[in-house]
Amino acid sequence: MKSWKLDIEERIYSPIAELQVEAWVTSEPVLYVNRKAGRRVELKPGERWGELWDCAWFHFQGEIPQEAKGQPVVLLIDMNGEVCLVDREGTPFQGLTNVNSEFERPLGLPGKRVVHITSCSAGGERIDMWGDAGCNDLFGYYRSGTLKEAVIAVCNEEMHQLYYDVEVLLELAEKLPETSSRRAQVLQALYDASLLTSDFTEEEMVKARSLLAEQLSKQNGDVSLTVSAVGHAHLDLAWLWPLRETIRKGARTFSTALRMMERYPDYIFGASQPQLYQWIKDNYPKLYKQIKDRIAEGRWEIQGAMWVEPDSNISGGEALVRQILYGQRFYQEEFGKTVDTLWVPDIFGYSAALPQILLKSGLKYMVTQKLSWNEHNDYPHHTFFWEGIDGSRILTHLPPEDTYNSPAAPRSLLRIEEEYLDKNVSDRALMLFGIGDGGGGPGEEHLERLKREQNLLGLPKVVQETSADFLKKLSEQQHRYQTWRGELYLEKHQGTLTSQARNKRYNRKMEKALRELEFAAVLAKHLCGLDYPGEELEGLWKETLLYQFHDILPGSSIKRVYDESITRYESMLEKAEQLINQCYTVLATAAGGEWAVFNSLPWERKEWIKVSGKWAHIQAPAMGVVRCQLNAAAGNIGASLMAEQNCLQNELLYVQFGDSGSIVSIRDKRENRELLLPGRNGNELILFQDEGGDAWDFRDDYRLRASNVLKPSRSRAYLDGPTAVMEQTYEFGSSALVQQIVLTEDSARLDFITRVDWHEKNKMLRAAFPLDVRCDYSSAEIQFGHIRRPVNRNTSWEAAKDEICAHQWIDLSEAGYGVALLNDCKYGFRASGSELEINLLRSSTYPDPEADQAMHEFVYSLLPHKGDAAAARVYRAGYELNVPLRMIQAEAGLKNTLITPCLGQGFSSFVLDHDQVMIEAVKQAEDDEGVIIRLYEAAGGKANTRLRISLPFRTVEAVNLVEEPVLEPQNVVDDEVLLTFEPFEMKTLKIQF
């Protein structure tokens, strides 16, 4: 039967004439109006036109021969790359992809080479078409750069339809049990039909199809499972191709979807990521209008509330909020509707903070499938409620086929029925069909199969409908679904917590700079009348959110993506800092002194600051400003501060170094307690072999392989004002590391200020702290709270979580005492037994062969404390490391322009009376001049607090994360708002001044 199917396939298209092909080749894309700007080449099949990432405008010309009169005519085009045919105005019309593109073959063939010209040719029609091409396949690979095929062909429509009749029935029979009567009857019908097609004449095709029609018409009775099918084209905004190519991939994919809708009236297509729609709007306005029409019609579904499909482990909490805020606003403004689903089929793990973020943004559902990639343990559900750290629950569905690239074949439907883990309580499942990752979406093969499978005996019933309709129906049985509590940890891709460290550092710096800028801009507006930079902030936020895409921020893209993003990060950070300084300079002048210090955190801080070589000991009010003077550090320094060749100490800590330079003891003087395990060294810098991995993964047995504990080649101890410093230099391989180990007066925090000139490949650098702390769990900061994870390896679930994510801190605590490890830009950690380890750098060679071969700067810190992490308010220490006080000099020329008089010695804008409540964001509202304040409870317990607002205000109302009012009365007494928090609860207020 398979050979018969191939015989049919070979006869569908009959070439009747060659196309004349010209191409104008450029290194980067050019507009349609400039399509002849490149190097011109004339091409015949087999001739080369470009190298990897080259672009070209192709011109296809020809004439349909008279022999095609009355027949369907197509073009067959394959230029070993991707091409988007355009109309006479240059608007994308249809995307094509080379047949030999990289793809998971069991899911189908990704190539799209057929262009439908006419269903009934008159003969003699002229072909004159232009196409915008890239010399790369769906996944960015180079496929020879040669033209493979460019012909005019006749389509034998009866043969075409017979092919899909045979394909669907043959695969159905192959998947049914051998003892099935349905299988036997289908195979017999196929055999009988094959006997009718000895010459493959039109008459034979009609007879064969008529014979098979009986089997295709057999339907199910009452069904136990209905599969909802949604056309999809998961499109990575960058991965094995640069961002610029994604814009063109979007045009190819979306124009193809429009053509398929014209041919298949039941077809429902969906696409996520407002950023992608924005690119189409900016670059292809006519195509965008066509998409909007289909959205209004209801056949094109907008999916996913977030601006992009971001990494949810590394992205900060406020960034995840802004993903939804900007995503939903775009959909509302452009299409007059929003969505109620988080659509993240391909991200690398799921923070336990997400359920609350989703629910408080108005979302009801989450769709993903990446959990099927687990290596050691299988999650027990496909349909379930996911409960986050605060108790919020979101209905979650994982398509049981475990792919978003379904071929929509009989094997797809049968696998869904076989694998669906919740079919005992649910009669519905989702199938996402089409070519994804590199884009392209569904082709005619998917839709021809579905046309025959709708209610075909032997298969589950399948309907084409939107995911929104599916999820609404799924929720009708929600009382029957189980709950999974805590993070959804992916037992794969742990390397992405560290890969491309510079991008991760810039992401952290941008998130903190944007927080600072919004706070500074609100103060400057309401105290000094400065205009709020709303447009600039939106631009900076959206680009930051773009780079949080799940193949950019995790470090799993090609080199060009990081070369370009780092350049943009530098520019964005410079712009953010410029705007912060503008705001603070105006405020500093209003404060009335020469210098002012700004603290954007909601508690008073006492810290040392060094500016222009001088030190100042600052007491800065909560979320405010204070005047100060710069004085040379002198007699205020305590006598206990010491820096010698074998030790550092202040009044709180004593740090001893061994002969090799390693830390052999860290003693907490207050508690008379040693931090390190007996016989073990602290801050061991260990260089592990990282061969056999890639940007996503490192070997599970990396700790069993050869490793090297680094030893400093030079050390020097010195005092610098209120700090005692041990500076150590390490030289290894082709790299060098300089670390300043710093103790500061009045601080129990031991800082490791590190600069690395890194030129290693297939290596991983980690810092280890074996601590004399006995506990069963680590606590690690995630977005809007923290999560506890076992430090044991008793079960396979525990053992799989060897590399874990933390944001600003991770902590090991026993009853009454603990030690935290803080950082300013790292995310990969290991907590095993009583040892904490931070993953500092790793340099895999795929897909970027030069990953992180550069200069790196980062800080991590050790902080001993009484009580556990919550009692010690470790979250505050994490913020203080990441959000430094800012000292700004007043500018005399601004004095006459100020609206507000001198601010005096100190001013606090917002003050809380509970030390476990954090103010994460202060910003101007999106739709008016109100001020948004976002708070959360940080310890995991209930809290009652008063928020004092220092500026006169008119009203306070509760809003959700997308700034819509919620029914939550506010208790306001004079200038204070009384607030009650549940554990890890977020609250958002809108204040009108």
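Reply: Axes here are lines fitted to C-alpha atoms, for helices over the stretch in contact, and angles run from 0 to 180 degrees between N-to-C directions. Bear in mind that this is a predicted model.

Me: Ok, how do the axes of H3 and H4 cross?

Reply: Helix H3, residues 181-195, and helix H4, residues 202-216, have axes that come within 9 Å and cross at roughly 175°. Since angles over 145 degrees count as roughly antiparallel, H3 and H4 are therefore roughly antiparallel to each other.

Me: And which residues meet there?

Reply: On the H3 side they include Arg182, Val186, Leu190 and Asp192, and among those they meet in H4 are Leu211, Leu212 and Gln215. By class, the contact of H3 with H4 has seven nonpolar, two polar and two charged residues.

Me: Switching to the sheet, what's the strand order?

Reply: The order is S32-S33-S34-S35-S44-S41-S40-S37-S38, in an open sheet of nine strands with antiparallel pairing. Strand S32 (714-720) and strand S38 (785-790) are at the edges, and each has a single partner strand, so one side of each lacks a neighbour in the sheet. On average, neighbouring strands of this sheet are turned by 20° against each other, direction ignored.

Me: How many bridges link S33 and S34?

Reply: Strand S33 (residues 723-732) pairs with strand S34 (residues 735-744) in the antiparallel sense over 10 bridges, and threonine 729 stands opposite valine 738 in S34.

Me: Which strands does H13 lie across?

Reply: Helix H13, residues 501-528, lies across strand S41 (817-823) and strand S44 (854-866), and runs at about 60° to S44.

Note on methods
Residues are numbered from 1 along each chain as its sequence is written. This is a predicted model: local features need pLDDT of at least 70, side-chain atom pairs count only at pLDDT 80 or more; totals for chains, interfaces and linings use all residues. Side-chain values use heavy atoms; hydrogens and water are left out. Two strands pair if DSSP finds at least two bridges between them. Helices (H or I, at least four residues) and strands (E, at least two) are DSSP runs, numbered from the N terminus. Contact means heavy atoms within 4.5 Å. Angles under 35 degrees count as roughly parallel, over 145 as roughly antiparallel, 65 to 115 as roughly perpendicular and the rest as oblique. Ala, Val, Leu, Ile, Met, Phe, Trp, Tyr, Cys and Pro count as nonpolar, Asp, Glu, Lys and Arg as charged, and the others, Gly among them, as polar.
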